Amino acid sequence: MKLILLGAPGAGKGTQAEFLSKELGIPTISTGNILREAIKNGTPTGLKAKSFMDQGQLVPDEVIIGIVEERVSRDDCRKGYILDGVPRTLHQARELNRFGVAIDQVVSIELDDAVIEARMTGRRVCSGCGESYHIKANPPKIDGICDDCGSPLIVRPDDNAETVRARLAVYHQMTEQLKGYYADLGKLKLVQGHQAIDAVHRDILAALGVSV
Ligand code: AP5
Ligand code: MG
């Protein structure tokens, strides 16, 4: 299964990708997590991406396309994968086709901007593995520590109110149109993201026609 999770910043893509990856036995490819790792390691890609991410702007398409083309060619992707946060532009979507990524299904998690802005203040992410938590909706077992890898949880640098608003504007301008693109291909399913995390998960499985 080759699956895309679409949705605005903070809609819950990373949270849901984590469940699906475990249940379907396929990796998640999160361009945001890959870029944050690159920044942490001070690689040339990280240096290029940092200023765009800090301002809530999209990293240039050619950087993203290079990352994804390399990642999907690895062995663990043979049975499929979940794309979280990519594609984000029509050009990225068309480039996926060019290098032979045949997408099976696309799920868009739908959520109003006002709910997103409120949610983001409660998000904490793992400084080690990138996993997302929420202080109320999805707290870790031990305060401030990642359940999975034991690293400290931090506030993501681009989760301040001003940058969140910039990211939402970019989503509406550049990414939302991908819903039309995939709807025309008969691949788009919409899921309501304002529900509790497990209800969103249940609806995604139903939309995919998967029982676990
Ligand atoms: P990226 O890391 O992809 O961020 P994003 O799209 O802005 O999305 P988020 O990771 O913020 O949110 P999410 O949907 O994963 O939500 P989450 O599950 O964490 O990208 C960051 C930046 O990298 C971009 O701005 C850009 O600069 C660059 N970039 C990345 N990919 C790119 C690309 N393809 N092209 C160009 N540039 C790119 O949930 C959010 C919070 O809500 C958490 O606290 C969570 O616990 C909580 N939550 C989740 N679901 C629920 C629920 N149902 N109820 C209550 N709380 C919930
Ligand atoms: Mg995410």
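Start by selecting ligand 1 and Arg167: an oxygen atom of the ligand sits 2.6 Å from an N or O atom in the Arg167 side chain. That pair falls under polar contacts, meaning N or O atoms within 3.5 Å of each other. Overall, the protein buries 96% of the 1000 Å² that ligand 1 exposes when taken alone (Shrake-Rupley areas, 1.4 Å probe).

A word on what you're looking at: this is a predicted model, where local features need pLDDT of at least 70 and side-chain atom pairs count only at pLDDT 80 or more, while totals for chains, interfaces and linings use all residues. Residues are numbered from 1 along each chain as its sequence is written, chains are lettered from A and ligands numbered from 1 in the order written, and side-chain values use heavy atoms, leaving out hydrogens and water.

Next, click on Gly12, where a polar backbone atom is 3.0 Å from an oxygen atom of ligand 1. Then try His134: here the distance from a polar backbone atom to a ligand oxygen is 3.4 Å.

Now show the whole shell, taking residues with a heavy atom within 4 Å of the ligand. You'll get 37 residues, with Thr15, Gln57, Arg88, Ser132 and Arg167 coming nearest. By class, 15 are nonpolar, 14 polar and eight charged (Asp, Glu, Lys and Arg are the charged ones; Gly goes with the polar).

Which helix gives the shell its largest share? Color α2 (31–40): four shell residues come from α2. Helices here are DSSP runs of H or I, at least four residues.

Show Thr31, Ile34 and Leu35 meeting Ile64, Ile67 and Val68, with contact meaning heavy atoms within 4.5 Å.

Last stop: Pro87, whose peptide bond from Val86 is cis, with omega near 5°.

Conventions
A polar contact is a pair of N or O atoms within 3.5 Å; within protein, one must be able to donate a hydrogen and the other to accept it, and residues adjacent in sequence count only if both atoms are side-chain atoms. Helices (H or I, at least four residues) and strands (E, at least two) are DSSP runs, numbered from the N terminus.
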